[in-house]
Amino acid sequence: MGEITVKETKKEHYVPQCYLERWKNSKGYVAVYDKKLKMSRGNNIKDIACERYYYDIDYRELSAQKLALLRELGIEPTKDEQFVEHFLSEHVEGVYSQLLKKVLDREISPWYEKNCFFLSQEDKIDFAICIAFQYIRTKETRRMLSDMSNCLEQAFKAMNIPNEMAEKYRLHSGEEKNIQGNMLLDIEHILDLTRSFFSLTWVLGINKTTKSFYTSDNPIGTKAHVKNPYISMSGIRSEGVEVYLPLSPKHILIMCDGTYHKELASYDRKYVQVEEEQMVEHYNWYCVNNSNRCIYSENDNFAVVDRILEDNPNAFEISKTQLSWGGKTFIPE
């Protein structure tokens, strides 16, 4: 018997096509606003939120435990250089696609919307797993790893820490890719994130307005509702946190700390109506600012982007990463 050949994938998506297709217009394209170029264009979903050989790393970067996991799933890392891509496409994205169809394509009556759940407890677990993977797999994760390493290096230098000690924490070019690949195969970490997402109160907002929800190349965002002078309160486990994920131009999944947002605590897995355009634009504003580089819409209406730039033409040049240490604040150079 000859060796099994694995089909090579050149464009590897960090946001799945099964998710992005919800923003296709009647011509089959998604409107894209590029924050770096400050211009919009139309793109096929095959050509957005992707990069050539994005996940391809050397299998020798993996632990014996991760290698064993892949082999149990029928993926041989020594013969398949795209083992991360194939792990995600074969064992995560199929589940995600089916859940999106189940939640979004169901015909619901007003009675059903008022009295029924939009997904079961079992589906909520599977959905939380898919969200955990999406939370890690974006380019924003790589940028944050690189930026934090840069800030740490500056802090060490300011404190006159010996270079040989600082070297232990320094990321060299390309290492953030290896770290992210290992994070995606760290099942204990994925399950920990899954538990955090699952523990939140989930509501599905149905957009009843004429405005459309945006999404982006970093679709999962967080909002802090509790202020702390020393630490950010926008982490998944933070008190009062709100996590949002647009699911289509007409749907948004809102996950929040039910012990803080008591008005929503009894609505777990229920539908809520979004009837005010201001609310849609509120989440679109967060979507724009949370994106790494590109915002996606079903039409070419990026009025929220225009308003952000009118208020501050340099808004997209401001670093999202800051490190406070020793009474000083460091930003990536």
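F127 lies in helix α6, which covers residues 121-137; helices here are DSSP runs of H or I with at least four residues, strands are runs of E with at least two, and both are numbered from the N terminus. The model is a predicted one, in which local features need pLDDT of at least 70 and side-chain atom pairs count only at pLDDT 80 or more, while totals for chains, interfaces and linings use all residues. Residues are numbered from 1 along each chain as its sequence is written, and side-chain values use heavy atoms, with hydrogens and water left out.

With a relative accessibility of 1%, F127 counts as buried, a term that means under 20% relative accessible area with a 1.4 Å probe and protein chains only. Leaving aside residues up to four places away in sequence, F127 touches Y96, L99, L100, V103, L119, W202, L247 and L253, where contact means heavy atoms within 4.5 Å. F197 is 70 residues from F127 along the chain, and their C-alpha atoms are separated by 9.3 Å.

Turning to the whole protein, there are 12 helices and 13 strands. The radius of gyration is 21 Å, close to the 20 Å that the globule rule gives for 333 residues, so the protein is as compact as a globular protein of that length; the radius is taken over C-alpha atoms, and the rule is 2.2 Å times the number of residues to the power 0.38. Buried residues make up 47% of the 333 residues. Of the contacts between residues at least 6 apart in sequence, 76% join residues at least 24 apart.

Technical notes:
Buried < 20%, exposed > 50% of the residue type's maximum accessible area, 1.4 Å probe, protein only.
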